[in-house]
Amino acid sequence: MIVFSILLMECTQKVKFNRPPDEVVDTSIINSTLIPPYTIDRNFTVFKGLYISGNDVSTFRDCKTGKIYWITDSSGKMTKMYSDIGRYPAYPYESVYAEITGYLKGKSKRGLASKYENELIVKSIEKLEGKSFNTGCYPYEFIALGNEPFWSVDIIPAENRIVLKDVGTDKAYEFPYKKAIVTGDIHKYEVSNSKNDKLTLIIRKQNCNDGMSEREYFYAASLTINGRSLKGCAIRKGDQLKGNP
């Protein structure tokens, strides 16, 4: 009886712990789907916004939320693409329109990135291009522009600056943003910078044509930069212009 009991226990243990010879385990399935952490594509999102690159700066203003994130570019391509965009004449820390695929990692604890509430990790770049008055989430107040010679002024309260691109002299001028003096239908901006440049821009509610396209503007503009006068038209954020681009 004792010998029979011992033999029965051994058989029971063998049935419990030994795998049947025809049972096959696919280790590739375990490695790829069952054991974390593995990132899957549905965790990535397409973000649309304005990207700024420069010394100690890599930020993204999200079109949807208006929030500013620190960007970490795992694709390794954004800085080069940013520098290759035709922004002539370019100025430091100029924002460009970007569509990127990535994910929000959370608040960083590293250096300058820690100053922002979230860090955006970039997987791939779908689009990177210069912005214009047609860029939906570009938060300008007015854009004035003229030709022969070509020039444009972007008034950007959200970036605390007013920028003149004077193509005729191959130069860009930056000024700190200052609210316009508004008298009736006239907006007058008077600003200066640390280089002693002085700009006066007067925008008047009046139909205008730039002389080169069929666009119909609702505002006319006159500009004085360091004593030199220029004339053109202006676009207010939200204007729905008629005519060809």
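A residue counts as buried when its relative accessible area is under 20%, as exposed when that area is over 50%, and as partly exposed in between. The structure discussed here is a predicted model. By the definition above, Tyr116, with a relative accessible area of 23%, is partly exposed. Trp70, in contrast, has a relative accessibility of 13% and therefore counts as buried.

These two residues also meet through their rings. The ring centres of Trp70 and Tyr116 lie 5.8 Å apart and the planes stand at 40 degrees, so the pair is classed as tilted. Trp70 belongs to strand β3 (residues 68-73), while Tyr116 is in the loop between β4 (96-106) and β5 (119-129); the pair thus links parts of the chain that are 46 residues apart.

A search of the whole structure finds five aromatic pairs. One of them joins Tyr51 and Tyr82 in an edge-to-face arrangement, with 5.7 Å from centre to centre and 85 degrees between the planes. Tyr51 is located in strand β1 (residues 45-54) and Tyr82 in helix α3 (residues 78-84), so this pair ties together parts separated by 31 residues in sequence. Both tyrosines, Tyr51 and Tyr82, are buried.

Ser58 lies in strand β2 (residues 57-62) and, with a relative accessible area of 12%, is buried.

The charged end of Lys123 sits over the ring of Phe44, at 4.6 Å from the ring centre. In a second case, the charged end of Lys131 is placed over the ring of Tyr138, 4.9 Å from its centre.

Covalent links come next. A disulfide is a covalent bond between the sulfur atoms of two cysteines. Two disulfides are found in a search of the whole structure. One joins Cys63 to Cys137, with an S to S distance of 1.9 Å. Cys63 is in the loop between β2 and β3, and Cys137 is in the loop between β5 and β6 (142-146), so that distant parts of the chain, 74 residues apart, are linked. Cys63 has a relative accessible area of 28% and is therefore partly exposed.

The other disulfide is formed by Cys208 and Cys233, whose sulfur atoms are 2.0 Å apart. With -75 degrees about the S-S bond, this link is left-handed. It connects strand β12 (residues 198-208), which holds Cys208, to strand β14 (residues 228-236), which holds Cys233, across 25 residues of sequence. Cys208 is buried at a relative accessible area of 15%, and Cys233 is buried at 1%. With the bonded cysteines numbered in sequence order, the pairing is 1-2, 3-4.

Ile155 illustrates the packing: not counting residues up to four places away in sequence, Ile155 touches Tyr140, Glu141, Phe142, Arg161, Ile162, Tyr177, Tyr189, Leu201 and Ile203.

Conventions: Residues are numbered from 1 along each chain as its sequence is written. This is a predicted model: local features need pLDDT of at least 70, side-chain atom pairs count only at pLDDT 80 or more; totals for chains, interfaces and linings use all residues. Side-chain values use heavy atoms; hydrogens and water are left out. Rings of Phe, Tyr and Trp (its six-membered ring) pair if their centres lie within 6.5 Å; planes under 30 degrees apart count as stacked, over 60 as edge-to-face and the rest as tilted. Helices (H or I, at least four residues) and strands (E, at least two) are DSSP runs, numbered from the N terminus. Buried means under 20% relative accessible area, exposed over 50%, partly exposed in between (1.4 Å probe, protein chains only). A charge sits over a ring if NZ of Lys or CZ of Arg is within 6 Å of the ring centre and within 35 degrees of the ring normal. A disulfide is a pair of cysteine sulfur atoms within 2.5 Å. Contact means heavy atoms within 4.5 Å.
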